[in-house]
Amino acid sequence: THTHAHPRPSSADANNPETIQLEGIEKLCADLGVDPTDLIVLIISWQMQAKTMCVYTKEEFTRGLNVMGVDSIDKWKSSFERLRGLLNDKKSFRDFYSYCFLFAKDPGFGVRTLPFEVASQMWRLTLTGRFKLLDEWLDFLERRNVRAVTKDMWDMTYTFSTTVRKADLSDYDEDGAWPVLLDDFVDELKGA
């Protein structure tokens, strides 16, 4: 599904001639030969430090080009491998992951939460291949009828994915400061 790629820009952004809107971003993606839902588009947005999904301001766009060191479509295309490689560094990935929460926020939904559908899609984009229990986690949250994901839950999910590595979850510290949902998730998986 493409829901995460099409939020409505705020009217202030929509009326600003100094922005690239959804249509322009889709054209840019076509020029770059990538799907708008590809992880590389998120990485590019992160490099620009874009604040709103589907809107790039002139300032963000210019900053991004400078940071990425590209000044043509061809150079941009040939930078993809290097840009994807940034996520191999733990500190960079953590920064990228935190950025994704803020980027995906709908200004009308609440400052510190993401609708579950959006969080779920962002988790799939960012944690696939990094979090072994991602499918089980998303299924668990869906069955629990979780409607919104807080920034704390977003951050702790990443911490959980990097610290609990054993298949039997024996490295899960039950006395740690985990959100109740993660405690319940582990209990369910352990069959407690």
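The legends below describe close-up views of a predicted model.

Local features are given only at pLDDT of at least 70 and side-chain atom pairs only at pLDDT 80 or more, while totals for chains, interfaces and linings use all residues. Residues are numbered from 1 along each chain as its sequence is written, and side-chain values use heavy atoms, with hydrogens and water left out.

**View 1. The second largest cavity is lined by residues including I25, L28 and Y56.** A cavity is a set of points on a 1 Å grid over the protein atoms alone where a 1.4 Å probe fits but cannot get out, and lining residues have an atom within 4 Å of a point. Two cavities of 30 Å³ or more are present in the structure. Helices are DSSP runs (H or I, at least four residues) numbered from the N terminus. The lining has eight nonpolar residues, no polar and no charged ones; Ala, Val, Leu, Ile, Met, Phe, Trp, Tyr, Cys and Pro count as nonpolar.

**View 2. The rings of W123 and W154 are stacked, because their centres are 5.3 Å apart and their planes at 15°.** Rings of Phe, Tyr and Trp (its six-membered ring) pair if their centres lie within 6.5 Å, and planes under 30 degrees apart count as stacked. The pair links helix α8 (residues 116-127), which holds W123, to helix α10 (residues 151-163), which holds W154, across 31 residues. W123 is buried at 0% relative accessible area, and W154 is buried at 0% too. Buried means under 20%, exposed over 50%, and partly exposed in between (1.4 Å probe, protein chains only).

**View 3. D155 and K151 form a salt bridge, with the closest N and O atoms 3.0 Å apart.** A salt bridge is a side-chain nitrogen of Lys or Arg within 4 Å of a carboxyl oxygen of Asp or Glu. D155 and K151 are four residues apart in helix α10, so about one helical turn separates them. D155 is buried at 17% relative accessible area, as is K151 at 13%.

**View 4. D71 and K75 form a salt bridge, with the closest N and O atoms 3.2 Å apart.** D71 is exposed at 61% relative accessibility, whereas K75 is partly exposed at 42%. The whole structure has ten salt bridges.

Methods. 1 Å grid on protein atoms, 1.4 Å probe; cavity = no way out; pocket = protein on both sides within 12 Å on 5 of 7 lines; lining within 4 Å. Points joined across faces, edges and corners; volume = space filled by probe spheres on them. Phe/Tyr/Trp six-rings, centres within 6.5 Å; stacked < 30°, edge-to-face > 60°. Helix = DSSP H or I, 4+ residues; strand = E, 2+ residues; numbered from the N terminus.
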